[in-house]
Amino acid sequence: DASFVKAKDDIPEVFEKVCERNSLEFPKEMVDKILKGSTGIILDLKYHFNRPRPGQLAKEYNMKLAEVILSSMKTPSYPSGHAVQGTLVGLYLAEKYDRAKLRTEFINAGKDIAKSRLIARAHYPSDRDFGEKIGKKLFQYIKSDIENKIWYDFGYFLILIYKYNL
């Protein structure tokens, strides 16, 4: 399980491998833009909810928890940023390379990224579920004009999340 977790920690690498397997050009610049642009909203939500990670609670209660420690586990738990970004990038690539087999492969890669965080004991299932929901909503928000949306300003989307309890 540790090898699965570590293999899914680097989000761009996961999707780049899918592209390589299918002889597709990996749109690195756009994927980097998506990741960078989504980071602000993820961090705003994480620090708003400030949920401790499972390992932090286990330590507090003197419980042993078999977890894989990753450098990406330095922020609060909720929502899972890997679930947000895995879902968001997976949907973007599924749309970009719109073929049934590829669509499934990109979406499954995103789900594997989110699942790996549960296996690592980095998150609770609700962290993953909310992260996937945010990833889907972000994709719907940017879908109509994905190449030109202003990525550094997710304030409007953040308001929608709070207003409608997404």
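Reader: Which helix has the highest mean pLDDT?

Author: Happy to start there: this is a predicted model, where local features need pLDDT of at least 70, side-chain atom pairs count only at pLDDT 80 or more, and totals for chains, interfaces and linings use all residues. Residues are numbered from 1 along each chain as its sequence is written, and side-chain values use heavy atoms, without hydrogens and water. The chain averages a pLDDT (the predictor's confidence in each residue, from 0 to 100) of 85. Helix α8 (residues 155-164) has the lowest mean, 53, and the highest, 96, belongs to helix α2 (residues 11-21).

Reader: Which element supplies the largest share of the lining of the largest pocket?

Author: Helices here are DSSP runs (H or I, at least four residues), numbered from the N terminus. Both α3 (28-49) and α5 (81-96) give at least two lining residues. The largest share, four residues, comes from α3.

Reader: At what angle do the axes of α3 and α5 cross?

Author: In contact (heavy atoms within 4.5 Å), residues of α3 including I34 and L35 meet residues of α5 including L88 and V89. The axes, lines fitted to C-alpha atoms over the stretch in contact, have angles from 0 to 180 degrees between N-to-C directions. These two come within 10 Å and cross at roughly 145 degrees.
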